[in-house]
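Please open the structure in your viewer and colour it by chain.

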2 protein chains.
Amino acid sequence: MEDKLMNAIQDEYPEDFAWCYGCGRMNEHGHHFRTGWSDEQTITLYKPKKEHTALPGFVYGGLVGSLVDCHGTGSAALYLHRKNGHEPGDGAEPPRFVTASLHVDFLKPTPHGIELKAIGTVHEIHPKKYRVETEVYAGETLCARGEVVAVVMPDTFLGK
Amino acid sequence: MEDKLMNAIQDEYPEDFAWCYGCGRMNEHGHHFRTGWSDEQTITLYKPKKEHTALPGFVYGGLVGSLVDCHGTGSAALYLHRKNGHEPGDGAEPPRFVTASLHVDFLKPTPHGIELKAIGTVHEIHPKKYRVETEVYAGETLCARGEVVAVVMPDTFLGK
């Protein structure tokens, strides 16, 4: 499995849609999550910052939840983009998704100081709605299991 | 309903346990969520920072998830503390909880620039496990509904 992502879906969003605190490349204070393909699954890598603690030595659960959230919308966008015949990096503007629901089961305390790896599997519910199952690993340890239902961004978000 | 919290459960945690990025008062970079009683329900107030955007004008879902998460553990701690005969501010050390699972349904886009209000109802599953139902309001608008299962912090978290 690759450990660096070349082409992430978030790199392709137009600037107007690149301000997400989790995954927007224009948001200077944000996490800058980047999500790409790894064979038929999706992957997001992130090393939590020093301050992202629950207790000293363990990662804050809300940060894991944020990772699952943006990994979910990014994975759904990758999936639909591929279905439409595109891959990140080919110059086509990808679809954008919003989160309808987020669920995280915290299986083990997530150790701090290690890069986290979110691995996702996308399931189509219908053409505008996808369910993304995600496993979050710290090294070889499965620490959390998440599920996001992501929907194509409705026009109401765009002020239309 | 009160708009300022006098006594929050997070004010009572010993310093060793006050480093949570969401609700630890010792974490200088964190959100500093504070959770107290409002009659028989629990309340956390938080105004998202400028950078906590999904798109410009709307709050980042991961931040709403973090609010639901810490509000959940704080609410469970308030509930068990009261069951043990204590209220925050009386000098007794409260129990601490960790999140077993987090669920958030995003009902409406959460407008940015307004203080958010998380209102919780605690249900006992068994003496060490509680389910907290939370509604997140921006002004009068119900934007998200969340559920946390919180368990008394196991000794494994404490390195014992």
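This is a predicted model: local features need pLDDT of at least 70, side-chain atom pairs count only at pLDDT 80 or more; totals for chains, interfaces and linings use all residues.

**The interface as a whole.** Select the residues of each chain that touch the other chain. You will have 37 residues of chain B in contact with 37 residues of chain A. Together the two chains bury about 2,800 Å², and 62% of this area lies on carbon and sulfur atoms.

**The side of chain B.** Now hide chain A and keep the side of chain B that touches it. Both α1 (61–83) and β3 (97–106) of chain B supply at least two residues here. The largest share, 8 residues, comes from β3(B). Colour this side by class: there are 19 nonpolar, 13 polar and 5 charged residues.

**The paired strands.** Next, show chain A again and select residues 97–106 in both chains. Strand β3 of chain A pairs with β3(B) in the antiparallel sense, over 5 bridges. Centre the view on L102(A), and you will find V104(B) of β3(B) opposite.

**The symmetry.** Finally, consider how the two copies are related. A rotation of 180°, with 0.0 Å of shift along its axis, superposes chain B on chain A with an RMSD of 0.0 Å. This is the relation of a two-fold axis. To locate the axis, select H103(B), whose C-alpha, at 2.2 Å, comes closest to it among the residues of chain B. Because 100% of the interface residues of chain B are also interface residues in chain A, the copies meet through the same surface.

Conventions:
Residues are numbered from 1 along each chain as its sequence is written. Chains are lettered from A and ligands numbered from 1 in the order in which they are written. Side-chain values use heavy atoms; hydrogens and water are left out. Contact means heavy atoms within 4.5 Å. Buried area is the accessible area (1.4 Å probe) that two parts lose on being put together, summed over both. Helices (H or I, at least four residues) and strands (E, at least two) are DSSP runs, numbered from the N terminus. Ala, Val, Leu, Ile, Met, Phe, Trp, Tyr, Cys and Pro count as nonpolar, Asp, Glu, Lys and Arg as charged, and the others, Gly among them, as polar. Two strands pair if DSSP finds at least two bridges between them. Copies are superposed by least squares on the C-alpha atoms of residues with pLDDT of at least 70 in both.
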